[in-house]
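Thanks for coming, everyone. I have one model to walk through, and I'll keep it brisk. Please have a look at it first.

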Amino acid sequence: MAPNVLERQLLRARNGFAYLAGTSQPRVATAPRDLVWKLDKGRLWRYRSDSRRIGPPILIIHSLVSKSYILDLLPSNSMIGFLRDEGFDVFLLDWMPADPADAENTLETYVDHYIPKAMAAVAEESGADEQTVIGYCFAGVLTLLLAAGHSELPIRNLITLTTPCDYREMGFMSKMFFEGRLDPEDVIYPTGLVPATAMDEGFQSLKPTDQIVQQVNLFQNLWNDQWVEGFLAMNRWARDQVAFPGAAFRQTVDVLIRQNALLEGVIPLGRGEVRLKDIACPFLNVYCEQDTIVPAPASEPLVGLVGSRDARELRLQSGHVGLVAGRSAAKVARPQIADWIREHSTVARSRAAA
């Protein structure tokens, strides 16, 4: 039964005091997991489950520009938990925040070094011959370069979530680095990193009135414990940015933004180049109509650029974060993504017990 007006006021007062005192922060990333591999800042987690029945395992690769707990925000709001409960064997590759030791990390550092080693660890841990690889946001770019440049890797299926492709459509954060405007060095600090504060300011500039809207929504729903818990967890993640390696940022500006190489389908990498047409595995591109960080037109061309005969797209009516942690995530995105993976999977064939 919904609370009456007086009960709502009491709940609003209680939650409001807790919010102002800073004592109401919910616990995030609570799904049980084990650290099965690490290298420098890279960490590979395997989520515990007694019902792994669908193979191959799923390897989710998280972005370099945020923290991974958005994928396991709350027990009632977890993309990872959903996939685990559907019977998949779920691994997550995430990254500890970059420090000056990572300043010279390039795109190749991740595409040619860290991710292939993490995939080898998944194979060793699971005993599976193939993997479904999912890249979220900028990690989707890394997975595209990975699949295009490493045909020897056992990628059964490839999924990109809110992944930019046409950087002309990326809005202010991309356009301010067009030729003749800001230079990468303008935001790279003496540490060799783009600091977390600069990343946060960039994201906040995309929706300058968002904080006001959020506070209004918070007041209106302050009586609702479940809503407040979700708001606090989401708001915490949205402002919890991490530094970005300077060398990779220079490449991002030069190759992805100014050359718009992903849209061209041919991307300079290492001493040569990789071609998206060389991606032959089943491919799903998921993007969102209300995304202000990676607008739909920035991601939409991907299906036509890969070489996969089985290339599909899932266009959702949600925002960038809502894809993995909003209401539409629970009702629409997660079930449809899981269905696609299930259609492209079989009962796991393992060399070792899961």
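Let me start with how I name the elements: helices (H or I, at least four residues) and strands (E, at least two) are DSSP runs, numbered from the N terminus. With that rule, Cys-137 sits in the loop between S7 and H4.

Some ground rules. This is a predicted model, where local features need pLDDT of at least 70, side-chain atom pairs count only at pLDDT 80 or more, and totals for chains, interfaces and linings use all residues. Residues are numbered from 1 along each chain as its sequence is written, and side-chain values use heavy atoms, with hydrogens and water left out.

Confidence next. pLDDT is the predictor's confidence in each residue, from 0 to 100. The chain averages 85, and 80% of its residues reach 70 or more. Over residues 348-354 the pLDDT is below 50. That stretch still has 17 contacts in the model beyond near neighbours in sequence. Contact here means heavy atoms within 4.5 Å.

Now the overall picture. The protein chain holds 14 helices and 14 strands. How much of it is buried? Buried residues make up 54% of the 354 residues. The cut-offs are under 20% relative accessible area for buried, over 50% for exposed, and partly exposed in between, with a 1.4 Å probe and protein chains only. Of the contacts with a separation of 6 or more, 79% join residues 24 or more positions apart.

On to the cores. In soluble globular proteins, nonpolar side chains tend to be buried together. I call a set a nonpolar core if buried Ala, Val, Leu, Ile, Met, Phe, Trp, Tyr and Cys residues are joined through side-chain atoms within 4.5 Å. The largest one has 60 residues. Among those with the most contacts inside it are Leu-93, Phe-138 and Ile-279. Apart from it lies another core, of 37 residues, including Ala-31, Ile-54, Tyr-136 and Cys-288.

Stay on Phe-138. Beyond four places away in sequence, its contacts include Ser-63, Leu-107, Tyr-167 and Phe-244. Which of those matters for ring pairs? Rings of Phe, Tyr and Trp (its six-membered ring) pair if their centres lie within 6.5 Å; planes under 30 degrees apart are stacked, over 60 edge-to-face, and the rest tilted. The rule gives six aromatic pairs. Phe-138 and Phe-244 form an edge-to-face pair, 5.6 Å centre to centre with 85° between the planes. Phe-138 lies in helix H4 (residues 138-149) and Phe-244 in strand S10 (residues 244-245), so this pair ties together parts that are 106 residues apart in sequence. Phe-138 and Phe-244 are both buried. Phe-244 also pairs edge-to-face with Phe-249, at 6.2 Å and 80°. Ring pairs link Phe-138, Phe-177, Phe-244 and Phe-249 into a cluster.

Follow Phe-177 to Arg-258. Arg-258 touches Phe-177, and also Phe-178, Glu-179 and Asp-183, among others. Arg-258 belongs to helix H9 (residues 246-258). It is partly exposed, with a relative accessible area of 27%. Its C-alpha atom is 9.1 Å from that of Lys-175, 83 residues away along the chain.

Now the backbone. Most residues other than glycine have a negative phi, and most peptide bonds are trans. Where is the cis bond? The peptide bond from Gly-55 to Pro-56 is cis, with omega near 5°. Pro-56 lies in strand S3 (residues 54-61). Back to Cys-137, as promised: its phi is near 60°, a positive value. Cys-137 counts as buried, at 11% relative accessibility. Asn-260 has positive phi as well, near 50°. Asn-260 is in the loop between H9 and helix H10 (261-264), and is buried at 6%.

Last stop, Gln-131. Buried or exposed? Gln-131 is buried, with a relative accessible area of 1%. It lies in strand S7 (residues 131-136). Its contacts include Pro-56, Met-119, Ile-155 and Arg-156. That's my tour.
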